[in-house]
Amino acid sequence: MNRVVITGMGVVSPVGNTREAFWNSLVAGRSGIRAVDFVDERTASRIAGIAEDVIPDNVPSKEVKRQGRFILFALEAANQAWNQAGLDINTEDPYRCGALVGTGIGGVQDIEENALRLHEGGPRRVSPLLMVKGLSNMAAGAVAIHFGLQGPNACIVTACATGAQSIAAAANTIRLGQADVMLTGGTEATIIPYGLAAFSAMRALSTRNDTPEKASRPFDRDRDGFVLSEGAGILVLESEAHARQRGAVILAELAGSAETCDAYHPVAPRPDGSGAAAAMRLALRQAGIPPEKVDYCNAHGTSTKLNDAAESLAFLEVFGPAPPPVSSTKSMIGHLLGAAGAVEAVACVLTIRYNTIHPNINYDTPDPECPVNVVANTAREAKVDIAVSNSLGFGGHNATLVFKRYE
Amino acid sequence: MSEDISSKVKQLIAERFERSIEEITDDARFNEDLGADSLDTTELMMALEEEFHIEIDDEANSITTVGEAIAYIQKRAAN
């Protein structure tokens with residue numbers, strides 16, 4: 001089996017569209033959550049994390065008009081990752097380079113817009129570009145076209161586990177020797193009336209509309225739901241041999257990954273967190289790392305009552321009475337759904353690189369139902385060689401990625 | 001009126017395909033000269049329908065040049 005390493009990363013997020021801006025903001029503990037003014041005031045949750053000014057370099061403006069917002073996010077993040085990796089497709093076998101870019105919901109903005117056009121103007125008003133902009137797999141397709149990647153290409157859709165499962169699947173492609181290089185991650189753009197209304201309707205979202213920056217508070221006793229957010233995270237994964245052969249800078253190793261399913265309820269997690277715990281245990285086993293060696297856990301930590309309580313029990317089950325420090329990136333940037341696991345993967349690699357654990361903000365009152373070792377409110381310097389990232393999705397999907405310092 | 005339609009159509013094509021107005025000659029072909037694929041031209045036809053309040057029928061499928069589009073719109077707008 002080939003070892004899998006990370007050689008490039010890109011991010012689009014509510015706290016910045018460069019690795020530096022993103023990381024500096026996380027370490028400073030700044031919230032990227034704001035009030036939104038374009039939804040009906042009867043919408044229960046009117047706050048969100050919005051990615052501003054996302055116009056990918058080197059994508060012609062005519063082409064930009066033909067892409068859905070979630071696709072543009074993926075292209076921008078992929079540009080950053082590709083440039084950091086220093087890859088040149090002209091010196092690669094294009095059939096050994098692939099893209100596995102997931103999304104939880106896809107081009108829902110264009111679907112919403114065209115549903116309205118259909119309703120108001122009839123079938124002839126529906127855009128011929130709807131399918132180009134709207135199909136969930138089009139981000140993976142657009143990334144392949146943009147960089148000339150003719151190898152394995154797919155889109156994984158597992159709700160909020162999408163980003164992590166995409167990275168895991170891309171890593172497996174490399175482990176098995178089916179590709180040398182994979183651009184992989186997730187992208188999401190759902191901050192539209194339809195998105196906010198739909199997640200509000202199921203009472204999944206925070207309704208702290210008057211204090212947006214305080215709304216996402218994973219593991220805090222007074223949490224009341226997640227905050228919808230948007231963006232993308234893309235990694236360049238390579239086989240270790242390929243990266244070394246071309247002299248690439250290796251940022252970290254993706255040492256292990258695993259996926260399980262709760263097989264319990266469409267959206268509620270198993271209350272004992274056993275499915276999530278199994279994913280962590282299996283991922284650590286693949287990495288050959290005992291739980292006591294883990295230096296940091298980047299929690300799924302959505303800020304919903306159910307997720308945070310169940311995930312806390314999962315940590316307890318895996319790590320016992322002396323658990324590693326935990327923080328949730330979502331406390332600052334909200335929940336990027338299908339992009340969450342990918343953006344949080346970027347955060348984990350930066351944690352290892354800078355030996356700094358970003359805080360879990362808005363952690364004011366511990367919750368007895370969440371017995372976790374939370375890095376509360378301010379960043380902490382710590383030697384981090386092993387970082388674990390969880391992603392738990394509606395549908396019962398549990399995915400864990402294990403990142404390891406490359407030496 | 002017909003001069004008006006011609007310049008309006010050309011303006012709209014220039015904007016949508018991001019070309020200078022000088023490139024939008026009567027014999028410019030959407031695909032070969034203006035770099036538009038079938039999705040672009042279908043979108044253009046929808047935009048023309050909205051601009052001129054007409055309904056473009058299947059006859060429009062054979063339109064491949066700017067001049068043909070203008071002639072078609074002029075004919076439909078006159079009806």
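Domain bounds are taken here from an automatic or database domain assignment, which for chain A gives domain 1 (4-245) and domain 2 (256-396). The structure is a predicted model, in which local features need pLDDT of at least 70 and side-chain atom pairs count only at pLDDT 80 or more, while totals for chains, interfaces and linings use all residues. Residues are numbered from 1 along each chain as its sequence is written, and side-chain values use heavy atoms, with hydrogens and water left out.

Taken over C-alpha atoms, the centres of domain 1 of chain A and domain 2 of chain A are separated by 20 Å. Contact (heavy atoms within 4.5 Å) involves the residues tabulated below.

| Side of the contact | Residues in contact |
|---|---|
| domain 1 of chain A | 63 residues |
| domain 2 of chain A | 59 residues |

Between domain 1 of chain A and domain 2 of chain A about 4,600 Å² is buried, 65% of it given by carbon and sulfur atoms; buried area is the accessible area (1.4 Å probe) that two parts lose on being put together, summed over both. In domain 1 of chain A, the residues that lose the most area to domain 2 of chain A are A:Trp23, A:Phe219 and A:Arg223, together 21% of what that side buries.

A:Arg223 also meets A:Asp308 through their side chains in a salt bridge (3.5 Å, N to O), the term denoting a side-chain nitrogen of Lys or Arg within 4 Å of a carboxyl oxygen of Asp or Glu. Across the interface of domain 1 of chain A and domain 2 of chain A, the rule finds 3 salt bridges.

Conventions:
Chains lettered and ligands numbered in written order.
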